[in-house]
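Open the model in your viewer and keep the selection panel at hand. The stops below each begin with something to select.

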Amino acid sequence: MEVNSILDIATALLSAWKEGCVAAGSGKVVVPKGKYFLGVVDLIGPYKGAMHLQVEGTLVALAKASQHRKNSWVTLRYLDRLTVSGGGAFDGQGEIAWERAHCGDRCKTPLPINLRFAFVTNSIVEDVTSIDSKQFHINLLRSKNVTLQQFSVKAPGHSLNTDGIHIGRSKGINIINSNIVTGDYCISIGQGSGQYEKEEPMSGIYVKNCTIYHTDNGMRIKTWPALYGVIVSNIHFEGIVMQNVSNPIIIDQMYCPRNLCNRKPSTVQISDVSFKNIRGSSRTPTAVQITCSSSVPCKDIVLSNVNLKYTECKGSAKSICTNFKPRIIGKLIPGGC
């Protein structure tokens, strides 16, 4: 079944979705090539069969955040064996919202996320693009065994708080063969930072064979000072190329935006972290900065075959390690730790 309208297609899409969900075996909803305005939609299960949302055209969000009335634009919840594909795009029209984002805590209405996946299992998102989201592009919450492949994010550098993919309380998430260009984190993982009480541990993160270019931070682990204790472990970066990155390798256990934090040491325990076969260029003199907590110092941090050069000719790059001395295997350029 196809959805086609020059107006807001939210009603038509929801109708087609409900019809597809009762189809024998599995259902498919197709958005054909073209450009379509789409209001806020919740595509909700569970259903007995698999569902396929095939977006071939471009879906365009309402321009004003106040028109959304909730913090996500397209939400997919309680679904198993979902496929989202088709070569199309979700255009969040975020430019006006990014201007409002400068108001910080004074903004009472949350900005909407382009695509929210909640309680989604055994699913695939492939060959689609998220453009100019007002907030995060993708949010994965309480999901399991979800693969994003050949997925793209496109937003300018001045787009605020537009994480490409944000993952929280999920397992078995795979992101492969994808390209993310945005104004905030390319991929961010919540929980485990010590910001909130009763956070779940963070473990089992592998980042391999990626290129990171022209970003403020490369491979980054951050925790809040003081606040709540939690365990962060089993995190590994390997085969990463840095191109003109300000902070290629950084562990920051005194993360405090706008300097509005209790400055007591972090109580988050970081352990079993490795950086292997890392090469490229740093935009700042400090290419490696590991700042661990003085109350619970990092454990088992490994730097193996790291070769990062300062892009300026006036001096060599350096490494700074605080409250911990990592284990170094092979060469470390720059030296210092």
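Buried means under 20% relative accessible area, exposed means over 50%, and partly exposed is in between, with a 1.4 Å probe and protein chains only. The model is predicted: local features need pLDDT of at least 70, side-chain atom pairs count only at pLDDT 80 or more, and totals for chains, interfaces and linings use all residues. Residues are numbered from 1 along each chain as its sequence is written, and side-chain values use heavy atoms, with hydrogens and water left out.

**Asparagine 139**

Select asparagine 139, which lies in strand β11 (residues 138–141). Strands here are DSSP runs of E with at least two residues, and helices are runs of H or I with at least four, numbered from the N terminus. At a relative accessible area of 8%, asparagine 139 is buried.

**Cysteines**

Select cysteine 292 and cysteine 298. A disulfide joins them, with S to S at 2.0 Å; the criterion is a pair of cysteine sulfur atoms within 2.5 Å. By this rule the count is one disulfide. The torsion about the S-S bond of cysteine 292 and cysteine 298 is about -110 degrees, so the disulfide is left-handed. Cysteine 292 is buried at 2% relative accessible area, and cysteine 298 is buried at 3%.

**The open sheet**

Select strands β18, β20, β22, β24 and β26. They form an open sheet of five strands in the order β18-β20-β22-β24-β26, with parallel pairing; two strands pair if DSSP finds at least two bridges between them. The edge strands, each pairing on one side only, are β18 (202–213) and β26 (327–333). From one strand to the next the twist averages 5 degrees, using axes that are lines fitted to C-alpha atoms and angles from 0 to 180 degrees between N-to-C directions.

Zoom to β24 (residues 299–310) and β26, which pair in the parallel sense over five bridges. Which residue of β26 is the bridge partner of valine 306? The partner is leucine 332.

**Aromatic pairs**

The whole structure holds four aromatic pairs. Rings of Phe, Tyr and Trp (its six-membered ring) pair if their centres lie within 6.5 Å; planes under 30 degrees apart count as stacked, over 60 as edge-to-face and the rest as tilted.

Select tyrosine 78 and phenylalanine 119, a stacked pair at 4.9 Å centre to centre with 15 degrees between the planes. Tyrosine 78 is in strand β6 (residues 72–80) and phenylalanine 119 in strand β9 (residues 113–126), 41 residues apart. Tyrosine 78 is partly exposed at 37% relative accessible area, and phenylalanine 119 is partly exposed at 36%.

Then select tryptophan 224 and tyrosine 255: their ring centres are 5.2 Å apart and their planes at 90 degrees, so the pair is edge-to-face. Both tryptophan 224 and tyrosine 255 are buried.
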